[in-house]
Amino acid sequence: MSGYFDFYGAPSRGLIIKTDINGEMLWYKTVSNTNDFTSIWDVNPTYDHGFILTGGTGEQTNQHNPYIMKLNKCAEPEWCRIYNTPNPNDEWGNSVYQIPGGYIALFYAYGSNINYERIWLCRLDNQGDLLWKQVYAQSDTSIFSAEGIDLHVTSDVEFIINGICYYPDPGIIWPKILRPFIIKTDSTGALSWELPWSSINGESFHGESYSSVTDKQGTIYSAARHIV
């Protein structure tokens with residue numbers, strides 16, 4: 001498991017914990033200095049039985065920036081990449097997975113329009129260098145303030161992003177209401193579709209979408225919260 005900890009308001013430090021099958025802690029490691037304000041939002045296994053993790057860190061600037069860190073099977077750092085951007089707002093990595101030829105990561109970051117460019121899928125090589133990036137929530141101008149929360153990699157190495165956006169009820173422009181938001185892309189990051197859940201079986205659906213899984217037939221099952 002991963003996360004961060006602090007002591008009575010002191011700067012946070014990234015934390016990894018290994019437990020046994022009963023949840024008893026076997027060991028823990030920190031992955032930052034005491035003044036870095038580093039958090040870990042996701043950690044996953046790699047092909048060599050190590051780990052890849054992502055989150056946000058203030059090591060190089062006064063605000064959080066996304067980073068990717070590779071650890072070996074003993075949880076010792078092999079390399080780390082911090083992705084600094086000129087935007088003054090906090091940004092971070094939400095999800096990261098190893099895929100053939102490198103890694104795929106979901107970043108919460110800002111483009112030139114901070115209200116409409118926040119969901120970024122980043123393809124990285126084996127050392128964490130950026131190969132390409134794609135921004136989403138661009139297909140419908142009614143989608144506002146979208147955020148990606150979680151990334152799922154399908155068996156054929158395509159990508160599903162779960163998150164939220166604000167979207168109006170059918171037939172009106174305002175107000176925009178919190179909706180679950182799901183994005184599907186191909187292996188190159190090209191958009192297949194993106195969908196705010198405005199209604200289900202004729203009932204208006206408000207809330208958030210947290211994660212998805214797929215079965216062998218490609219059916220998507222998503223966990224979400226419905227706010228009545």
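Mentor: Let's start with a pair of strands: phenylalanine 159 has threonine 185 in β14 as its bridge partner. Keep in mind that this is a predicted model.

Trainee: What makes β13 and β14 a pair?

Mentor: Two strands pair if there are at least two bridges between them. Strand β13 (residues 159-168) and strand β14 (residues 176-185) have 10 bridges, in the antiparallel sense, so they count as paired.

Trainee: Which sheet holds them, and why are some of its strands called edge strands?

Mentor: They belong to an open sheet of four antiparallel strands in the order β12-β13-β14-β15. The edge strands are β12 (144-153) and β15 (191-196), as each pairs on one side only. From one strand to the next, the twist averages 20°.

Trainee: Which strands make up the other open sheet of four?

Mentor: That one has the order β8-β9-β10-β11, again with antiparallel pairing. Its edge strands are β8 and β11 (130-135), each pairing on one side only. Here the twist averages 20° from one strand to the next.

Trainee: How do you know that β9 and β10 pair?

Mentor: Six bridges join β9 to strand β10 (residues 119-124), and at least two are needed, so the pairing holds. Within it, leucine 106 has leucine 121 in β10 as its bridge partner.

Trainee: What about β6 and β7?

Mentor: Strand β6 (residues 65-71) and strand β7 (residues 77-82) run antiparallel and are joined by five bridges; the cut-off is at least two, so they pair as well. Tyrosine 67 has isoleucine 82 in β7 as its bridge partner. Their hairpin has five residues between the strands, and alanine 75 takes a positive phi near 65° there.

Trainee: Let's turn to the aromatic rings. How many aromatic pairs are there?

Mentor: The structure holds six.

Trainee: Why is the pair of tryptophan 92 and tyrosine 108 called stacked?

Mentor: The ring centres are 4.6 Å apart and the planes stand at 10°. Centres must lie within 6.5 Å for a pair, and planes under 30 degrees apart count as stacked, so tryptophan 92 and tyrosine 108 are stacked. The pair links distant parts of the chain, 16 residues apart, with tryptophan 92 in strand β8 (residues 92-99) and tyrosine 108 in strand β9 (residues 102-108). Ring pairs also join Trp92, Tyr108 and Tyr110 into a cluster.

Trainee: What lines the largest pocket?

Mentor: Lysine 133 and tryptophan 120 are in the lining, with others including Pro66, Tyr83, Phe107 and Cys122. The elements that give two or more residues to this lining are β10 and β11. The space in the largest pocket is about 220 Å³.

How values were computed:
Residues numbered from 1 in each chain as written. Predicted model: local features only at pLDDT ≥ 70, side-chain atom pairs only at ≥ 80, totals over all residues. Heavy atoms only, no water. Phe/Tyr/Trp six-rings, centres within 6.5 Å; stacked < 30°, edge-to-face > 60°. Axes fitted to C-alpha atoms, helices over the stretch in contact; angles between N-to-C directions. 1 Å grid on protein atoms, 1.4 Å probe; cavity = no way out; pocket = protein on both sides within 12 Å on 5 of 7 lines; lining within 4 Å. Points joined across faces, edges and corners; volume = space filled by probe spheres on them.
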